[in-house]
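Below is a set of questions and answers for someone meeting this structure for the first time. Please look over the sequence and the model, then read on.

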Amino acid sequence: MPSITINDVTIEVPDGTNVIQAAEMSGQEIAHYCYHPGLSVAGNCRMCLVEIKALSSKQPNGLPKLQIGCNTIVQDGMVIESENEKVRDARRGVLEFLLINHPIDCPICDQAGECKLQEYYIDYGGHDSRFELKSKTEKHKAVAIGPGVMLDQERCILCTRCVRFLEEVTETHELTIHERGDHSELSLAHGKSVDNPYAANIVDICPVGALTSREFRFEARVWYLQSTPSVCTGCSTGCNIEVHSRAGSIYRVKPRSNFEVNDYWMCDYGRAIFSDNGRADRLLSSLSRESGGFVNARFEDAALRSARALQSEPGPIAVVASADLSLEEGFLLGEIAEQLGGGLKIITSPASSEFCDDGFLISEDRHPNRQGLLALGYVEARRLHKSVNRLLVARDNPAAGEESWDAYLESAGATIVISDNFDETTAYADHVIAVGSHFESDGTFMNGKGRVQRFAKAVDAPTGAVEGWRALGYVLGALGGTRYESAEEVFTALAARHLGLSGIGYDALGNDGVQSGVSAQWAGASVPLDAAALDR
Amino acid sequence: MNEKVLLHFQDTSADLTDIEQYLGEGGYEATRKALTEYEPDGLVNLVKESNLRGRGGAGFPTGLKWSFVPKDTGKPVYLLCNADESEPGTFKDREIIEHDPHQLLEGIIIAAYAIRCEIAYIYIRGEMALGYKVLVKAIADARNKGFLGKNVFGTQLSIDIHVHRGAGAYICGEETGLIESLEGKRAYPRIKPPFPAVYGVFGCPTIVNNVETLACVKHIIERGSDWFKSIGPEGGPGPKLYCVSGHVRKPGVYEAPMGTPLRDLIDRYAGGMLPGRTLKAVIPGGSSVPILRAEETAINMDFDSVAKAGSMLGSAGIIVMDNTTCMVRALRTITHFYHHESCGQCTPCREGTGWLEKLLIRIDSGVGTDEDLKVLDSVAQGMMGTTICVLADAAAMPVRSFLAKFADEFEAHVRGEDCRADAVHRRVA
């Protein structure tokens, strides 16, 4: 491992590390625009200029010209200065060049607050403009280059991150640079539109306000947004995300880098999921059936009544769940069934969908936690083979599925539904416990490759709804089982028992998750219903 | 004047574009000798000994460049002849191509053999339509004679040449821009390292040589490295083509030994200044190099001497300006060119070239200020040494040198005084 010195900090870094990365490892930042660790090196913005004071231990001489950090691979004994006067002068110069033709329309720009032009102007610029205002080159503003992305050519600094993303990651080649010199402009390739499932990533990687999200445009100032680490529920890949919210509303979702899962990216379907959070048919209260109709109930009352109903109805019990349950919810449902003498736990969500594995991030299985539920002992079945007396339906809507569930739902003596919205199945329930979505709770999922990842509560559930683990924990407690006080406690209990991750708590999962010993062995295996299990 | 070597076509009645007549003048003997009597490394050493330095502008030792090709990479090696001659004031390669193409083909075949290359490309500037036709015919003729293709000159060697036409962008003459363009992409110069000798055309080891450089190779084989070194200064010798343009009586391409005095080239070769005019300034090596005032022109035209005088031999495009020249207008014209030709890839060049021209338009139009002059110099300074290729430097060097050497004229323009240039054109007020 080469040992190098950056601004008097000496650090050992792996072979092949460039100066920007090495600086980052030493806890320092080298300003840059065009460099992105997930893309090839373009070396065009010239912002990351550094001074090489010594090339290596074998060549202790420095270089007379400043070098770009992104294209300089460190060598043992290299000495780098990234903040001396010469470097800061050059950087100020580059920044001034970038700004002369920039419209400086920060007051109406969505990027304001997370713009690298603003940030580096504070760090290195601070200058007054020496450029005549009327001399600025004029280009097109608010050009819709696809269903999700808006381009402002005047704000573009031509770093080509987006062009390289579309060339190297999606290989769809929609964007290119037209013209040359200071007339250069980012444009659509002839006959194309940026309309691929990963298009919105170019908004994320645009370091300035040139590419903005058409959905997020003018919705919120970014400095008011709070960021919460989470996991995407769109499919079994489990891309790591950040949920950006304000005052109980989610405004946007962005990918969070995890090299074991999604690198720096996520798909556009996953990005759109949060809009379901505000749908009109959300359950705003738990419900209990009284004399034929539903009445609103406090969740504690609904949970208590649910426990009583389950206890008072003898006979087989089945937990019917979608693969959208968190590990905590799946575990607690299993515990409830055990408390009542044990029963069948099935996942009705089909593993196949209209989506295909695209070989990148999108999986055919549109559910986030099938692996986790299988590890908890759930089996896959589209329907029951015979009626059961007690049904616990969780985040699932079997009444609307392809198989007919009417008979099971009608014949069950006690039907408890745990859901975040009204649907066909809630109509059959004796008691409905209103729970929050996964954006509104802490919890964990196990992705299709057996990686256990944690998501955190980004916003509160609607008044009247609670976190799924809390609601189910309450039912379990009412049945005489363990009372869990937090999702973390639930996880710790289930990790040891089911995942071979004993002693692993939330903290150990960290931001990147932990690979469990559970592999993808069950993937796609639909287990036929064992009638004997019902009679147990 | 001396015997012409590179411009031999001027001394003979033979049409050297006709391969039979070219053979009648002893053509292709040098190539036969190189391929049958030398090992490739022997040729590299011979060219090293000759001290031949690249004629494209940078003056890098040719033999040394050839020796950078890594051996046994398992990849093909390519030779790229840079015939994109686009530096304003430069028009020498065109003479060779249009009048004596086989001289160039010989150089290419010899160089290809020396670097173990089987496919060579000539990247010719799009505007050179005649040159393109001449080359295509010359290559076909050479192929028919067995000088190109499989088993050249009866050996086991295969060497062939393809001609690729550019579309007229200046940046395509920058060697890595040229490589990108040849590959069918925008001519965005590449970041270095890796250098073309290691990672060039199609990711393979590539040597890029200028037309005149390759033409010299043929003569080195024919007459020996000692002969070559005897012409001009030993550190960078050989016959040299000088392009003299501007306010002289006989503008044109002249062959003279490396190191010929600049004043000789202007006064003897190019017939001196236009009647009644006096020398004001000379740009000695194409529009991108620093300008020299008349009193600084008593220099010899070779790499080291011009460098010592604070400029560069560059492409030996000698642009002569007389007392009627307005230096503000001249600089504005030069800067317009670099603004137009910046590829737009690197920030300082993309934004700087435009800024320079906008400032010069203001100054030339009589609305400039003292502050504009300071900004002009500071912008040019900020462009130098900060980009992937040297186009930014090429745009900045004239600005800084014009400002330093003709400060009085620029100051007169911003003060609203009459242009110091003598008559002919007055500034637009």
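Q: Into which domains is chain A divided?
A: The model is a predicted one. Chain A has its domain bounds from an automatic or database assignment. They are domain 1 (3–83), domain 2 (132–278) and domain 3 (286–535).

Q: How many residues does the contact take from domain 1 of chain A and from domain 2 of chain A?
A: The centres of domain 1 and domain 2 of chain A, taken over C-alpha atoms, are separated by 28 Å. The contact draws on both domains, with nine residues from domain 1 of chain A and 11 residues from domain 2 of chain A.

Q: How do the residues on the side of domain 1 of chain A that touches domain 2 of chain A divide by type?
A: Domain 1 of chain A gives nine residues to this contact. They divide into five nonpolar, four polar and no charged.

Q: Which helix of chain B gives the most to the side of chain B that touches chain A?
A: Chain B places 23 residues in contact with 24 residues of chain A. On the chain B side, α13 (327–341), α14 (347–364) and α15 (370–383) each supply at least two residues. The helix that gives the most, with nine residues, is α14(B).

Q: How do the residues on the side of chain B that touches chain A divide into nonpolar, polar and charged?
A: This side of chain B has 23 residues in contact with chain A. They divide into seven nonpolar, 13 polar and three charged.

Q: Why is chain B as compact as a globular protein of its length?
A: Chain B has 17 helices and 11 strands. The globule rule gives 22 Å for 429 residues, and chain B is as compact as a globular protein of that length because its radius of gyration is close to that value, at 22 Å.

Q: What share of the residues of chain B count as buried?
A: The C-alpha atoms of chain B fill a box of roughly 75 × 45 × 35 Å along the principal axes. A residue is buried if 20 or more other C-beta atoms lie within 10 Å of its own. Of the 429 residues of chain B, the share that count as buried is 57%.

Terms used:
Residues numbered from 1 in each chain as written. Chains lettered and ligands numbered in written order. Predicted model: local features only at pLDDT ≥ 70, side-chain atom pairs only at ≥ 80, totals over all residues. Contact = placed C-beta atoms within 7 Å. Helix = DSSP H or I, 4+ residues; strand = E, 2+ residues; numbered from the N terminus. Nonpolar A, V, L, I, M, F, W, Y, C, P; charged D, E, K, R; others polar. Rg over C-alpha atoms; globule rule 2.2 N^0.38 Å. Buried ≥ 20, exposed ≤ 12 C-beta atoms within 10 Å, placed from the backbone.
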